[in-house]
Amino acid sequence: MEVLQKHLTTTQIITLSFLLVILIGALLLATPFTSADGTATPFLDALFTATSCVCVTGLVTVTTASHWNLFGHIIILLLIQIGGLGVIAITTVFTMLLGKKLSLSSRMLLGDAFNLETMKGLVRFLHKVVLGTFLVEGIGAVCYLPVFVSEFGPKGIWYAVFHAVSAFCNAGIDLIGADSLIPYVHDLWINVVTMSLIIISGLGFIVWFDLLDVMKKKLRKESGNRRIFEQLKLHSKIVLVMTAFLLIAGAVLYFAFEYHNPETIGSFTIGQKILAACFQSVTTRTAGFVTIPQKGLTTPSVIVTLFLMFTGGSPVGTAGGVKTTTFAIIFLAVIATIRGREDIICFHRRISPKTARKALSVVLISFFVSIAAIIILTLFEPGSAADQIFEVYSALGTVGISRDYTSVIGAAGKILLCFCMYLGRIGPISMVLVFTIRDRQIAAKLPEEHVAVG
């Protein structure tokens with residue numbers, strides 16, 4: 001690692017580390033020892049599965065439950081966990097377990113991996129991330145036990161652990177079968193546990209620890225009469241507000257658009273419809289599990305799904321997409337422009353123009369990449385345009401829900417979706433920086449000139 005850091009940027013190391021783990025995973029999954037029938041899996045299918053696991057997406061070309069044996073499932077679970085926490089974080093943990101001291105360059109690399117602006121308390125932050133991850137996954141596994149053990153016997157313990165990790169890491173890969181969690185569409189407990197894991201991890205680690213710190217101060221009565229929300233950092237406030245808004249709005253829209261649809265929730269009771277609509281709203285935020293067939297969604301619901309998949313979860317977590325904070329900042333920038341303000345204001349705080357430019361860049365790069373991917377997919381693969389657009393956005397947002405299109409695409413489509421999943425996991429800005437030589441800063445400002453827009 002130290003040798004690489006002398007010749008590569010931190011962004012290049014992070015992107016290459018994900019690629020290396022994907023290739024190792026693909027080689028292992030391609031062996032006969034991982035398949036249920038004892039035959040070698042075609043390398044492209046193994047590569048697709050490994051990419052989907054490490055990029056915590058959930059799209060698959062073979063049925064996870066039936067195609068792989070226990071050894072294959074263990075490899076898949078390890079790849080999901082590595083992808084969820086991040087390769088650099090996992091490597092750093094093992095370095096510290098071996099008793100080695102982290103160098104300054106290693107700390108900088110870890111800070112970039114977590115998208116943090118300071119190295120202060122970095123090792124402690126990593127400790128909390130790892131412990132918090134395993135704690136929440138453990139609680140999730142315990143919560144799954146009653147249902148899975150009663151249904152599958154002792155094997156249900158493994159099912160509980162696998163699905164807890166998959167849900168927390170927003171991978172959406174399951175051991176149930178080809179229909180994901182559709183058999184549990186009316187099971188309140190499975191739905192609530194899965195949604196809770198997805199939402200908790202989707203908030204991001206920064207929000208976790210900010211909430212915990214504020215709550216500790218509240219319990220110690222160090223914060224006076226101030227409410228918990230008022231004491232949170234701006235990042236946490238934006239994440240919580242955007243998450244709540246998107247989840248509620250999504251659930252309401254799905255409930256309305258699918259209410260009479262016999263192919264999804266039309267035959268359900270009111271309570272069952274609300275539960276299914278809530279789960280659909282949660283899972284489209286990069287989770288990948290489904291309780292209703294995506295192929296049967298109405299057109300308005302498909303449009304809502306595309307938007308939610310493109311948006312994704314929140315930064316410094318396991319979720320994908322362009323992130324909730326990104327959209328919030330662009331929306332606030334538009335409001336500021338309409339009101340004639342020079343500064344972008346949110347909760348009585350000013351957001352820097354640099355942050356706004358980065359947010360705009362992330363959205364535009366992701367949008368143009370999605371358009372290019374859709375065009376390429378339509379050129380090389382047959383199929384419905386709706387299915388192809390849906391699949392591209394699912395891959396780029398590392399969501400993993402499908403309209404039953406992934407399993408029927410050819411080699412070109414599989415390679416394209418692998419690239420989309422990889423780009424979605426490392427981020428569009430990171431991919432651009434890998435191949436970009438930054439311009440030197442110009443000491444003097446160039447003359448300004450007016451350009452008409454709008």
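Rings of Phe, Tyr and Trp, for Trp the six-membered ring, count as a pair if their centres lie within 6.5 Å. Planes under 30 degrees apart are called stacked, over 60 edge-to-face, and the rest tilted. With that rule, the structure on the screen holds 15 aromatic pairs.

Let me take one of them. Phe-229 and Phe-347 pair edge-to-face, with 5.6 Å from centre to centre and 70° between the planes. Phe-229 is in helix α12, residues 228-231. Phe-347 is in the loop between β1 (344-346) and β2 (349-351).

A word on what we are looking at. This is a predicted model: local features need pLDDT of at least 70, side-chain atom pairs count only at pLDDT 80 or more, and totals for chains, interfaces and linings use all residues. Residues are numbered from 1 along each chain as its sequence is written, and side-chain values use heavy atoms, with hydrogens and water left out.Now the overall picture. The protein has 20 helices and two strands. Both are DSSP runs numbered from the N terminus: helices are H or I with at least four residues, strands are E with at least two. The protein has 454 residues, and 51% of them count as buried. Buried means under 20% relative accessible area, exposed means over 50%, and partly exposed is in between, with a 1.4 Å probe and protein chains only.

What about the surface? The protein exposes about 22,400 Å², and carbon and sulfur atoms supply 67% of that. These areas come from the Shrake-Rupley method with a 1.4 Å probe; for residues, only the protein chains shown count as cover.

Next, contacts, meaning heavy atoms within 4.5 Å. Take the contacts with a separation of 6 or more: 69% of them join residues 24 or more positions apart.

Back to the rings. Phe-229 is partly exposed, at 32% relative accessibility. Phe-347 is partly exposed too, at 36%. Elsewhere, Tyr-144, Phe-148, Phe-152, Tyr-159 and Tyr-184 form one aromatic cluster.

Rings can also have charges over them. The rule: NZ of Lys or CZ of Arg is within 6 Å of the ring centre and within 35 degrees of the ring normal. Lys-128 has its charged end over the ring of Phe-209, 4.5 Å from the centre. Arg-403 has its charged end over the ring of Phe-390, 5.8 Å from the centre. Remember Arg-403.

How many salt bridges does a search of the whole structure find? Three. A salt bridge is a side-chain nitrogen of Lys or Arg within 4 Å of a carboxyl oxygen of Asp or Glu.

Start with Asp-45 and Lys-414. Their side chains meet at 2.8 Å, N to O. Asp-45 is in helix α3, residues 43-54, and Lys-414 is in helix α19, residues 411-426. The pair links parts of the chain 369 residues apart. Asp-45 counts as buried because its relative accessible area is 11%. Lys-414 is buried as well, at 13%.

Next, Asp-387 and Lys-295. This salt bridge is 2.5 Å, N to O. Lys-295 is partly exposed, at 41%.

Here Arg-403 returns. Arg-403 bridges to Asp-387, with the closest N and O atoms 2.6 Å apart. Arg-403 sits in the loop between α18 and α19 and Asp-387 in helix α18, so this pair ties together parts 16 residues apart. Arg-403 is buried, at 9%. Through shared partners, salt bridges join Lys-295, Asp-387 and Arg-403 into one network.
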